[in-house]
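Please view the sequence and the structure together before turning to the notes.

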Amino acid sequence: MRTELAVGVEDRRFGYPVELLQKVTVAGWRVSERDVGYHPRAAGTRSKVSGSVKGTVRTARDFWKALA
């Protein structure tokens, strides 16, 4: 079973990480951070979140819904 299904995460957009952390905390799960390697963003691309006003507004809205 996938972790997000076990705790009932419903958001599939920008509020996902907030809702996931909120629900695993309530469920009493332990959470730890791990370093992960990654490649820099590809040339000519931009963030879906901070690359536009629309993306920033969507993210703020989804975070607000997850916390409400």
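The model is predicted. Across the protein the pLDDT averages 82, and 93% of the residues score at least 70.

**Confidence by element**

- Among the elements of the protein, the highest mean pLDDT, 86, belongs to helix α2, which covers residues 16–26.
- The lowest mean pLDDT among the elements, 66, is that of helix α1, formed by residues 3–7.
- Where pLDDT is low, the predicted coordinates should not be read in detail.

**Val9**

- Val9 lies in the loop between α1 and α2.
- Val9 counts as buried because its relative accessible area is 5%, and the cut-off for buried is under 20%.
- In sequence, 14 residues separate Val9 from Lys23, and their C-alpha atoms are 7.4 Å apart in space.

**Val31**

- Val31 is placed in the loop between α2 and α3, the latter being residues 53–67.
- Val31 has a relative accessible area of 54% and is therefore exposed, as exposed means over 50%.
- Not counting residues up to four places away in sequence, Val31 touches Leu21 and Val24.
- Val31 and Ala6 are 25 residues apart in sequence, with a C-alpha to C-alpha distance of 15 Å.

**Thr59**

- Thr59 belongs to helix α3.
- The relative accessibility of Thr59 is 9%, so this residue is buried.
- Apart from neighbours within four places in sequence, Thr59 is in contact with Phe14 and Val49.

Technical notes. Residues numbered from 1 in each chain as written. Predicted model: local features only at pLDDT ≥ 70, side-chain atom pairs only at ≥ 80, totals over all residues. Heavy atoms only, no water. pLDDT = per-residue confidence, 0-100. Helix = DSSP H or I, 4+ residues; strand = E, 2+ residues; numbered from the N terminus. Buried < 20%, exposed > 50% of the residue type's maximum accessible area, 1.4 Å probe, protein only. Contact = heavy atoms within 4.5 Å.
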